[in-house]
Amino acid sequence: MHHALFPLMTRITRLEFRAESGPGSRMQWNHRGSGHVQVTVNGPDVFFQEAFTLDNGLSCQDRKCWHFAEEGIIFRHFREQRFQDILLLMPDVSGFAPAPQEDATPPNGIHLVAQAPYSCPPDRYDGSLSLHDGTLELRLRITGARKDEDIRYRYRADPG
């Protein structure tokens with residue numbers, strides 16, 4: 001099922017960003033933004049070069065790699081001058097839905113969940129990747145001593 005995402009991911013051009021801090025956050029990083037994505041493909045890897053502007057005017061850039069493997073999609077994030085494996089995303093067969101009911105992906109969509117959280121002490125990252133109605137959503141949940149964050153990247157391809 002996750003290989004059905006490959007053709008869509010190669011056509012992504014736009015993103016919407018949303019970060020919301022929970023009650024345990026000392027960061028208070030509540031922002032929205034939008035921008036564009038430049039995609040390159042190298043074999044089983046789809047690279048996203050992202051540029052977006054937040055509602056406070058801050059310009060942001062980010063780099064991600066989606067490695068399509070037999071067992072699932074490995075989400076890699078560019079940090080410390082290299083891509084690091086963050087999450088192994090596999091089809092959700094348990095019925096687990098980390099999103100609130102109103103945000104749950106309908107049964108006709110694709111929903112992949114992290115098989116184990118990523119530890120970056122003192123923080124812990126968990127997440128999911130969903131596709132519904134042409135929108136691909138990466139949802140990251142970051143918890144730690146100072147963090148309680150829900151971050152969403154919503155990706156779309158230009159029509160046509």
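Visitor: Ser128 is placed in strand S9. What makes a run of residues a strand?

Guide: Strands are DSSP runs of E with at least two residues, helices are runs of H or I with at least four, and both are numbered from the N terminus. S9 spans 123-132, so Ser128 falls inside that run. The model is a predicted one, in which local features need pLDDT of at least 70, side-chain atom pairs count only at pLDDT 80 or more, and totals for chains, interfaces and linings use all residues. Residues are numbered from 1 along each chain as its sequence is written, and side-chain values use heavy atoms, with hydrogens and water left out.

Visitor: Which elements does the protein chain have?

Guide: There are 1 helix and 11 strands, and the order along the sequence is α-β-β-β-β-β-β-β-β-β-β-β.

Visitor: Why is Ser128 called buried?

Guide: Buried means under 20% relative accessible area, exposed over 50%, and partly exposed in between (1.4 Å probe, protein chains only). Ser128 has 4% relative accessibility, so it counts as buried. Ser130, also placed in strand S9, has 7% and is therefore buried. Buried residues make up 43% of the 160 residues in the protein chain.

Visitor: What makes the pair Ser130 and His111 a polar contact?

Guide: A polar contact is a pair of N or O atoms within 3.5 Å; within protein, one must be able to donate a hydrogen and the other to accept it, and residues adjacent in sequence count only if both atoms are side-chain atoms. The side chains of Ser130 and His111 are joined at 2.6 Å, so the pair meets the distance limit.

Visitor: How far apart are Ser128 and Arg139 in sequence and in space?

Guide: Ser128 and Arg139 are 11 residues apart in sequence, with a C-alpha to C-alpha distance of 5.3 Å.

Visitor: What makes a set of residues a nonpolar core?

Guide: The members are buried Ala, Val, Leu, Ile, Met, Phe, Trp, Tyr and Cys residues joined through side-chain atoms within 4.5 Å. The largest such core has 36 residues, of which Leu5, Trp66, Leu129 and Tyr155 touch the most other members. Contact means heavy atoms within 4.5 Å. Beyond four places in sequence, the contacts of Leu129 include Leu5, Trp66, Ile73 and Leu138.

Visitor: Which residues lie nearest the centre of the largest pocket, and how is its lining divided?

Guide: His77, Tyr125, Ile142, Ile151 and Tyr153 lie nearest the centre, among 21 lining residues. Two or more lining residues each come from S4, S5, S8, S10 and S11, and S4 gives the largest share, 4 residues. The lining divides into 14 nonpolar, 2 polar and 5 charged residues; Ala, Val, Leu, Ile, Met, Phe, Trp, Tyr, Cys and Pro count as nonpolar, Asp, Glu, Lys and Arg as charged, and the others, Gly among them, as polar.

Visitor: Why is it called a pocket?

Guide: On a 1 Å grid over the protein atoms alone, a pocket is an open set of points with protein on both sides within 12 Å along at least five of seven lines, whereas a cavity is a set where a 1.4 Å probe fits but cannot get out; lining residues have an atom within 4 Å of a point.
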